Amino acid sequence: MTEPPLTRWRRAARPFVPGLAATAALAMVCNVVLDLSGLMDVEQYLWDYKTPAYLGLFVLGSLVLWALVGLVHAVVGRLKVTVALVATATALVAAANFEKVRLRHEPIYPSDSAFLGNIGFLGDVVGLRAVVLLVLCVFLVGGAGFAATAAVLRRLHDRQRSAHPHEVGRRARVALRLATGSLCLAALGYLSQFNDPGNDVRRAYEAMGAYWRPYSQERNYLGNGFVGGFLYNMHVPAMARPRGYSAAEMARVVARYRRTAERINRTRELHALDDVNVVMILSESFTDPEALRGVHLRADPIPYTRRLQASTTSGRMLAAQVGGGTANMEFEALTGMSVSQFAPQLGVPYQMLVPEYDTFPSTVGWFERNGHRTLAIHPFTTEMYRRREVYRVFGFDDFVWDAKMHHRAVVQHNRYISDSAAFDEVRGSIDSEDTPLFVNLVTMQNHLPYEGNYDDAQPVTGPAGNVMPEITQYVRGLTYTDQALKHFIDELSHSDEKTVVVFYGDHLPGVYPESVFEGNSDRAVLETPFFVWANFPGPTEKQPTTSPIYFMDLLLERTGAAVPPYYALLHEMRQEIAAMDGGIMVGSSDGMLAPDQMSARAARLLRDYRLVQYDLSVGRRYSARAMFEVPPRR
């Protein structure tokens with residue numbers, strides 16, 4: 001007698017019921033682990049960051065993970081293998097998230113997958129011991145999950161065989177796996193469009209009370225759950241189209257700042273930079289520890305830098321974040337575009353925006369068109385933040401990385417090429433070129449990790465009087481940078497070639513204890529030293545806290561060089577909005593500036609700036625040529 005189709009399908013589906021329950025439970029456990037990974041210390045867990053409807057958001061996040069678990073189960077077909085794979089992947093993601101939050105005070109993003117090709121660098125950052133422990137932990141978690149699931153399934157299988165002696169048809173099982181896999185794949189595809197207008201999953205999150213915090217992704221993940229925060233950082237248009245954007249409007253903006261440039265250039269020289277070398281130095285994690293309350297040092301680690309700042313254009317730079325964001329500060333310095341004006345999900349323009357184009361407007365192209373040879377130097381791998389691609393798009397004539405450098409010395413036990421060697425590389429490049437150079441140097445000496453780098457470190461204590469071992473090592477590295485900078489500037493001072501140097505630290509290291517961050521304002525922990533120095537006379541002025549977008553304008557002002565409309569716009573905006581990064585705005589008087597406190601002039605300048613940034617980055621580039629052309633004398 002032929003078995004009815006419905007009965008056959010019911011019998012085929014019955015063994016999958018325990019699997020559905022098991023995968024749902026697995027998704028919830030994974031969600032718990034991922035959420036906990038963002039906490040520095042469970043005992044200090046700040047429930048205040050959670051949205052009131054967090055439990056509902058947790059359920060939504062578990063459903064999202066269930067789709068992922070279901071896809072894995074449909075592919076491998078065996079629950080114990082599914083558990084082992086998913087548990088292993090969760091352990092890896094949770095460990096990576098924990099380390100990133102600990103070191104950089106930000107969670108992992110979808111774009112961080114780009115770092116998977118830099119396992120050696122990741123090992124350097126967290127240390128070999130941590131990597132070994134992580135691998136062992138992952139194997140233990142995966143193995144334990146496999147063994148536990150196998151034992152449970154063995155019992156279930158024995159019970160089912162006695163209750164249902166007929167085996168499930170192979171075709172029915174394959175059909176169910178295909179249907180499950182297709183459904184889960186479609187769901188995950190839709191989830192990848194989380195930030196598209198009208199996405200129902202995002203609507204569900206917001207209907208449940210999700211509160212997005214674009215100013216702090218760490219709090220975004222804490223408040224809405226790891227899954228919600230991760231989805232929020234999925235692909236999104238880099239910048240919303242400003243109201244009124246059109247070719248005609250951009251022509252009006254160009255004309256407005258062309259007139260501004262003509263006014264500024266009445267006291268500037270058209271060819272002031274024709275024979276001047278320009279060196280921009282991003283000094284990795286270079287800060288002033290004495291500016292932080294609760295940090296006690298026996299001696300000033302940067303006495304030369306402090307003296308130099310007192311005699312030249314200088315001040316403090318507002319970084320975007322603590323412990324990371326190097327490429328974003330470099331992007332701002334080279335393009336004049338503020339990351340604060342992009343969508344908050346655009347974590348790193350170097351990885352998520354610039355490589356999509358064949359060319360990208362920047363200082364590099366401007367110097368090249370004005371007769372300079374352009375050179376990028378980074379004493380590390382070429383792949384960090386996709387710099388090889390980015391520098392090609394920017395139009396650098398050459399890129400020198402660690403393997404191509406002539407100077408590769410390190411200081412004591414530090415694994416990275418020293419700042420002294422990096423400065424020597426710049427000096428050698430200047431000496432070997434007949435044409436003026438534009439050099440962009442990104443150093444590595446003071447990058448994580450710090451433990452065991454130096455034998456001659458002096459203790460640095462925290463708010464409670466306790467010694468901070470990692471900061472002790474870090475501060476010693478600052479002293480070596482300060483000494484190397486003195487030697488570099490002294491050499492340039494005695495050179496016959498005109499040279500101007502823009503020097504800035506990119507961010508504070510994230511290894512300070514929480515007590516230091518709690519004892520200082522959000523602004524204080526984002527400020528680093530900067531200066532603009534030249535070996536020839538020119539105007540100098542102490543500056544309010546500024547952003548990297550203004551470095552080029554400050555350079556042109558220091559050298560008395562004429563400005564094109566783009567830098568005229570930045571010059572005007574700097575008079576009203578001195579800095580904007582990290583969710584903070586600073587006014588021209590160096591005080592905090594709330595958006596609703598801006599003057600009408602500041603609001604108009606910011607609107608024009610957003611139009612120009614949109615046009616040059618993701619728009620039609622109507623103004624790309626005209627905004628970088630210095631108006632001729634009338």
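Two strands pair if DSSP finds at least two bridges between them. Helices (H or I, at least four residues) and strands (E, at least two) are DSSP runs, numbered from the N terminus. The model is predicted, with local features requiring pLDDT of at least 70 and side-chain atom pairs pLDDT 80 or more, whereas totals for chains, interfaces and linings use all residues. Residues are numbered from 1 along each chain as its sequence is written, and side-chain values use heavy atoms, leaving out hydrogens and water.

View 1. Strands of a sheet pair through backbone hydrogen bonds, either parallel or antiparallel.

**View 2. Strand 5 and its two partners.** Strand 1 (residues 276-283) pairs with strand 5 in the parallel sense over five bridges, and Val279 has Val439 as its bridge partner in strand 5. Strand 3 (residues 373-378) also runs parallel to strand 5, joined to it by five bridges. Arg373 stands opposite Leu437 of strand 5, while Ala376 has Asn440 as its bridge partner there.

View 3. Because six of the six residues of strand 5 are buried, the strand is largely enclosed by the rest of the structure. Buried means under 20% relative accessible area, exposed over 50%, and partly exposed in between (1.4 Å probe, protein chains only). Leu437, Val439 and Leu441 point one way, and Phe438, Asn440 and Val442 the other way. In a regular strand the side chains alternate between the two faces of the sheet.

**View 4. The surroundings of Asn440.** Asn440 lies in strand 5 and is buried, with a relative accessible area of 0%. Not counting residues up to four places away in sequence, Asn440 touches Met280, Glu330, Leu334, Leu375, Ala376, Ile377, Tyr391 and Phe396. Contact here means heavy atoms within 4.5 Å. Asn440 and Ile281 are 159 residues apart in sequence, yet their C-alpha atoms are 6.2 Å apart in space.

View 5. Helix 19 (residues 551-559) is mostly covered, with eight of its nine residues buried. Among them are Phe551, Met552, Asp553 and Arg558. Just after helix 19, Gly560 takes a positive phi of about 70°.

**View 6. The contact of helix 20 with helix 21.** Helix 20 (residues 565-574) and helix 21 pack at an angle of about 145°, with their axes 10 Å apart. Tyr566, Leu569, Leu570, Glu572 and Met573 of helix 20 meet Arg601, Leu605, Leu606, Asp608, Tyr609, Val612 and Leu616 of helix 21. The residues of this contact divide into nine nonpolar, no polar and three charged. Ala, Val, Leu, Ile, Met, Phe, Trp, Tyr, Cys and Pro count as nonpolar, Asp, Glu, Lys and Arg as charged, and the others, Gly among them, as polar.

View 7. A cis peptide bond, with omega of about -5°, joins Leu448 and Pro449. Pro449 is found in the loop between strand 5 (437-442) and helix 17 (469-493). Gln412 is not a glycine but has a positive phi of about 50°. Gln412 is in the loop between strand 4 (398-401) and helix 16 (419-432) and counts as partly exposed at 33% relative accessibility. Arg621, another residue other than glycine, has a positive phi near 60° and lies in the segment after helix 21 (600-617).

View 8. Cys30 is buried at 6% relative accessibility, and Cys184 is buried at 11%. The whole structure holds zero disulfides, a disulfide being a pair of cysteine sulfur atoms within 2.5 Å.

Definitions and conventions. Axes are lines fitted to C-alpha atoms, for helices over the stretch in contact, and angles run from 0 to 180 degrees between N-to-C directions.
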